Every structure is written in structure tokens, then in C-alpha cells.
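This report covers a two-chain model, taken one topic at a time. Keep the sequence and coordinates open beside the text.

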Amino acid sequence: MLLEGRDLAVRYRVSGGLLRSRWLTAVDGASLSLSSGGTLGVVGESGCGKSTLGRALIGLAPLAAGELRWQGQRVDGLSARGWRRLRRELQIVFQDPLGSLDPRMTVGQSVAEPLAVFEPSLSRAARRTRVGETLERVGLPAGAADRYPHEFSGGQCQRIGIARAVILKPRLVVCDEPVSALDVSVQGQVVNLLRELRDDLGLAYLFISHNLAVVRHLSTEVVVMYLGRVMESGPRDAIYGRPLHPYTRMLLDAVPVADPQIERHRTRTLPSGELPSPLSPPDGCVFRTRCPLAEARCAERRPLLQEAAPGHRIACHRWREWPTGLNTPPDR
Amino acid sequence: MASAGLWSDAWARLAANRAAMTSAALLVVLTLLALLGPMSSPYAPDAIDWEHMAVPPSLESGHWLGTDRLGRDLFVRTLHGARLSLAVALLATLVSLLIGVTWGAVAGFAGGRTDALMMRAVDVLYALPQVFFVIILTVLFDRSVFLLFVAIGAVGWLTMARVVRGQALALRQREFVEAAVASGAGPVRIVFGHIIPNLMGPVIVYATLMIPQMILVESFLSFLGIGIQEPLASLGNLIADGSAEMETAPWILLVPASCLVLIVFSFNFLGDGLRDALDPRER
């Protein structure tokens with residue numbers, strides 16, 4: 001396994017006055033694993049902790065609990081300096097294409113930053129060549145290196161961000177909503193670029209998105225999160241083809257179908273109510289306040305992740321009772 | 001597409017600001033005059049002309065801005081004073097820039113306990129009255145121009161550190177700083193490579209507005225007699241000198257005072273212009 005996490009938790013202190021401090025649990029008890037060259041999709045609503053999880057996995061957010069292994073080595077509790085040594089192999093592409101580039105640096109300087117850190121002995125000319133090659137690899141002219149980020153469109157900026165992430169040929173790239181800030185037409189191009197790079201460079205992705213179609217297109221494995229907890233995880237085809245958790249089913253139901261005939265006659269169940277505050281999550285199962293299947297025991301005990309099928313794990317007390325409790329989703 | 005960069009946009013806006021450009025031109029002229037002007041005059045700044053004591057400005061006497069009560073040429077002395085005042089202000093600003101920017105950027109980027117400790121140190125120093133501080137220094141050491149740099153700069157960097165720390169705190173939250181961390185950059189590289197370049201805008205503005213304050217502080221200290229000492233001339237002690245003769249020979253006060261006003265106004269206009277030009281909210 002390239003990356004393996006067990007019972008990971010991330011907590012933030014939120015100031016709650018002078019003496020008492022409140023803690024926000026952004027991620028709680030998340031377990032996942034990712035093999036070399038694979039793509040793990042993480043889906044969930046905004047604020048469900050998926051970005052925080054992605055950052056924690058590469059040491060950009062502090063882990064409060066759990067066990068994290070990178071290529072078999074324990075990396076939870078690593079110092080900032082220790083993480084810095086690993087960054088050659090762990091990279092990230094951010095959600096905000098322009099915001100993740102330093103406005104006072106040329107594109108070339110931004111893309112070359114990992115090189116400057118990890119290969120400081122490289123000559124100026126050699127560095128320039130590498131930057132040019134990498135920019136061309138992501139579909140930009142090598143001459144883009146001398147210009148500034150604000151001269152580029154969102155899609156181009158995201159290509160620059162991708163170039164920076166892959167210039168050292170890392171083993172894992174965390175893609176934190178890499179296309180959600182882009183126009184739909186550009187999203188497809190960037191997703192295809194990510195797929196080409198994965199296949200050419202043998203990258204593994206942790207692909208965080210709320211866009212189910214994009215995750216389906218890229219992922220080999222999928223994790224569904226809700227309010228900081230993993231609801232369901234498994235192979236892509238199992239999650240999309242035979243979703244077991246009521247939340248997963250609702251998420252998939254919420255996706256419109258591009259055929260008005262089907263769309264009109266579709267019956268679907270959508271979550272009711274608002275997402276509860278992560279500062280005071282419900283007891284027991286966190287999804288119970290919006291779950292049509294919720295019953296008394298859901299409030300009493302927190303469901304543990306259990307294996308429903310090989311590799312397909314789910315945290316729900318009532319998953320076996322499906323499909324009686326919910327409408328059967330239309331064929332997808 | 002012109003590979004413009006953010007600075008050239010700012011430059012274009014500054015060039016369109018008439019008050020700022022006039023002030024900048026005036027400052028260049030004044031600086032050149034202060035550096036070269038005294039050479040064009042036959043009088044030395046401390047030479048006493050026994051024939052012409054406290055004469056008003058006139059062309060006939062050869063002292064076209066008049067002389068003080070010891071018969072020293074006011075044109076030459078004012079330019080010498082402006083030179084010294086400018087030098088003190090520029091150096092003190094430079095000192096505050098170096099210390100304040102580094103201190104503030106490190107505190108703001110480090111955050112947490114480090115930030116709290118560093119900024120409490122600033123608060124403590126801030127609480128010391130400046131004049132009191134300078135008097136202690138002059139008691140402990142000899143009076144010198146160098147001491148004046150230290151005294152003014154030591155106080156000036158405090159506000160600079162606060163301004164910079166606030167900016168750095170905001171920058172730390174930006175995604176490109178996180179991107180630099182993810183690229184493997186260490187804290188030194190992030191502070192000097194990303195944080196400081198991105199806060200240069202407000203720093204330049206603040207430094208420009210700081211120079212006139214420094215000139216005023218220097219003049220104030222010299223006026224009190226704990227700054228630049230006779231026979232050296234600074235705008236402060238020239239004004240102190242002139243204020244004694246205000247009723248009988250007003251030009252002795254008016255000449256250096258107008259020079260001071262001109263310098264301070266120009267720097268303020270230029271600083272305001274720079275702020276408007278570099279303000280990112282305008283974009």
C-alpha cells in the first residue's frame with residue numbers, strides 16, 4: 001500500500017471565549033488506503049471534511065488521532081521538517097487556480113519552486129528546461145514561464161498548478177476539488193489531463209470532489225464522507241452500481257439525468273433538512289437527522305464501518321434492510 | 001499580451017496622479033539642491049560674515065536668503081540642514097524597514113505563541129516614551145548623529161512591525177502560501193520568498209509616509225536641544241534658532257520652516273499617491 005490511514009481524526013480549536021475552548025472535529029475515525037497508481041475518490045457535501053482529510057494525509061493539517069502510513073512507514077506525528085523531506089513524493093493541486101499561485105512570482109518561478117527546494121544544485125538553464133518541458137506537458141507553451149498568473153485564465157492557472165505538482169514526478173498527488181472552480185467545458189479538459197498524467201507518470205491520486213460524475217470517471221476506489229465520518233467506501237463500480245448507504249443513495253439520486261424522459265419519471269429520495277453543525281454533531285449515527293431510515297438505535301450507537309462485500313465497507317445499522325426502506329434507484 | 005506585472009499597473013496609476021508626481025519632482029530637486037546647492041555659494045555653513053549680521057533676504061548683500069544673527073548664510077545653512085535631516089530620516093526609515101519588516105513577517109507567519117511573544121515585546125517598547133528614551137541614550141553615550149539614527153529607528157520599527165505583522169497574518173491564510181509549504185519550502189524561504197514580496201506594497205507606502213514623521217521627530221529633538229548640535233545645522237535646530245528672533249528677524253525662522261513644510265508635504269503627497277496606486281482594492 002502506498003498510503004494507509006486508520007481511524008484518522010483532525011480537530012481544530014475554535015475560540016469559544018476567554019477560558020473555555022471548543023473543538024471542531026473536522027474528520028473523525030476515517031480509514032482509507034490507496035495503492036500505487038490508483039485513484040481514491042473522496043466525495044461528500046461541502047464542509048464534510050474531505051478537504052481537511054486530504055490535507056491531513058500529506059501533513060498540511062495536523063492529525064489529532066489515528067495511524068497514518070506512507071509506504072509502510074508511520075508518518076503521523078511527523079515534525080514539519082520530517083514532512084518536508086517527504087514532499088518530493090507528495091504533492092497537491094488546489095481548488096482555487098489563481099489563489100494558489102503567488103501573484104508576485106512568474107509562472108516559471110512558481111512551477112520551479114519544488115525544483116529549487118529539492119534540486120538546488122540544478123543550473124539555471126537546466127531548471128528552465130525542466131520548467132518548459134513540464135509546462136508543455138500540461139498543454140501550455142514553454143514561453144508562459146515568463147508571464148504572471150493574472151494573465152492566464154482559470155483553466156490555464158490550474159494547468160500551471162498541475163505542472164508545479166508533477167514537476168518532481170511525485171508518487172501521490174492530492175487533487176482538492178481541482179475542477180470545481182472551472183467552467184464546465186474546461187473541467188473535462190483538465191480531468192483528461194489529470195488522467196493522462198496519471199497513466200504516463202504512474203501517479204496515484206487522492207481525488208476530492210463533490211462532483212460525482214468526475215469522481216466516477218477517474219477513481220478506482222471511492223470514499224463517501226458525511227460530517228467528518230466515512231459513510232461508505234469501496235471499489236468505484238460497487239459504490240456507483242450498488243450503493244448500500246442511504247446517504248450514498250441520496251447523493252446519487254441528487255444527480256440529474258440528462259434525459260428528460262427518465263428525469264420526469266424518476267422517483268428519488270433527497271436528504272431533508274440542513275447539514276448539522278460540525279461543532280455539535282448528532283449522537284450515534286451523524287446522518288440520522290436527515291436519514292429516512294433512522295430509528296431509535298441510530299441515536300444510541302454509532303455504526304461502525306463493516307464489510308458488506310469484499311472491499312466494500314459501510315457504516316449503517318440498517319443497510320441489510322435495503323431495498324425495502326428506500327426507492328430503488330433507477331438504472332445508472 | 002504585454003508581460004506587464006503588477007508593478008507597471010501601479011506605476012501607470014502613480015504617473016497619472018499630478019500631486020504625487022509634482023511632489024516627487026520637488027523632492028528630487030530639493031535633494032539635489034541639498035547635495036549640490038551649497039557648492040554654488042561662496043559661503044561656508046559656519047562662516048561668519050561680520051559685515052552682514054541678521055540681514056534680511058536681498059541680492060545686494062550676496063546673502064539672497066539673508067543671514068542669521070551670527071552672520072551665517074541662511075541659504076547654505078538651510079540646505080545643509082535639509083541634507084542632514086533627510087539623511088537622518090532616510091537612514092532611520094531604512095533601519096525601521098529592515099527590523100520592522102523582518103520582525104513583523106516572522107511573527108505573523110509563525111503565529112501562535114511566537115507571534116504573541118514577539119508582539120508583546122513590541123508593546124513593551126511602544127510604552128516607553130520616546131523623548132525619555134532619547135534622553136537616556138544621550139546620557140549614557142555621547143551625543144552624535146549616529147545616536148540619533150539609533151534612537152529614531154529604534155522607535156520607528158515598532159509601528160512598521162505591527163503593520164507588517166497584520167499583513168503577514170492575512171497572507172498566511174492564502175492558498176499560495178500553503179502551496180509553497182506543499183512544495184517543500186521551509187519557513188525562511190516562505191517568509192522571504194512569498195510573504196515579504198507580497199506585502200511590499202503597503203510597506204513602501206508606509207515607509208514613504210514614515211520619512212516625514214522621522215524628519216519631524218529629528219526636528220523636534222533638535223529643537224529641544226537633544227538632537228543635532230551647533231555648529232552642525234539641521235532643520236530642527238535652525239528653526240529653534242529662528243524662533244528666538246521671530247519678532248525682529250522673522251526670515252531666520254521662515255526660511256528653514258518653509259523648507260521643512262515643503263519636504264514634509266511632498267513626502268505625504270507622494271505617500272498618498274503611492275497608496276492609491278498600489279491599493280489592490282482598486283483593481
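Helices here are DSSP runs of H or I with at least four residues, and strands are runs of E with at least two. On that basis chain B has eleven helices and zero strands. The model is predicted. Read from the N terminus, the element order in chain B is α-α-α-α-α-α-α-α-α-α-α.

The C-alpha trace of chain B spans about 75 × 55 × 30 Å along its principal axes. Chain B has 283 residues, and 42% of them count as buried. Now take the contacts in chain B between residues at least 6 apart in sequence. Of these, 69% join residues at least 24 apart.

## Helix packing in chain B

One pair to inspect is α3 (residues 74-110) and α6 (residues 145-172) of chain B. Their axes come within 5 Å and cross at roughly 35 degrees. The crossing of α3(B) and α6(B) is right-handed. By class, this contact has 22 nonpolar, eight polar and three charged residues.

## Helix packing in chain A

In chain A, helix α5 (residues 154-166) packs against helix α6 (residues 184-201). The angle is about 15 degrees, and the axes lie 10 Å apart. Angles under 35 degrees count as roughly parallel, so α5(A) is roughly parallel to α6(A). The crossing of α5(A) past α6(A) is right-handed.

Which residues in α5(A) meet α6(A)? They are A:Gly154, A:Gly155, A:Gln158, A:Arg159, A:Ile162 and A:Val166. On the α6(A) side, the partners are A:Val186, A:Gln189, A:Val190, A:Leu193, A:Leu197 and A:Leu201. The residues of this contact divide into seven nonpolar, four polar and one charged.

## Where the chains meet

The interface joins 23 residues of chain A to 19 residues of chain B. On the chain A side, the elements giving two or more residues are β6 (90-93) and α3 (107-118). Helix α3(A) gives the most, with four residues. By class, the side of chain A that touches chain B has nine nonpolar, three polar and eleven charged residues.

## The largest nonpolar core

The largest nonpolar core holds 164 residues. Which of its residues touch the most other members? These are A:Val173 and A:Leu206. The largest share of this core comes from α3(B), with 17 residues.

Leaving out residues up to four places away in sequence, A:Leu206 touches A:Leu34, A:Leu40, A:Val42, A:Gly54, A:Leu57, A:Leu172, A:Val174 and A:Cys175.

## A loop residue: A:Ala142

A:Ala142 sits in the loop between α4 (124-137) and α5 of chain A. Is A:Ala142 buried, exposed or partly exposed? There are 15 other C-beta atoms within 10 Å. A residue is buried at 20 or more and exposed at 12 or fewer, so A:Ala142 is partly exposed.

The contacts of A:Ala142, not counting residues up to four places away in sequence, are A:Gly132, A:Leu135 and A:Glu136. A:Trp319 lies 177 residues from A:Ala142 along the chain, and their C-alpha atoms are separated by 53 Å.

Terms used:
Residues numbered from 1 in each chain as written. Chains lettered and ligands numbered in written order. Predicted model: local features only at pLDDT ≥ 70, side-chain atom pairs only at ≥ 80, totals over all residues. Contact = placed C-beta atoms within 7 Å. Nonpolar A, V, L, I, M, F, W, Y, C, P; charged D, E, K, R; others polar. Axes fitted to C-alpha atoms, helices over the stretch in contact; angles between N-to-C directions. Parallel < 35°, antiparallel > 145°, perpendicular 65-115°, else oblique. Left-handed = near helix turned anticlockwise from the far one by under 90°. Core = buried A, V, L, I, M, F, W, Y, C linked by C-beta atoms within 7 Å.
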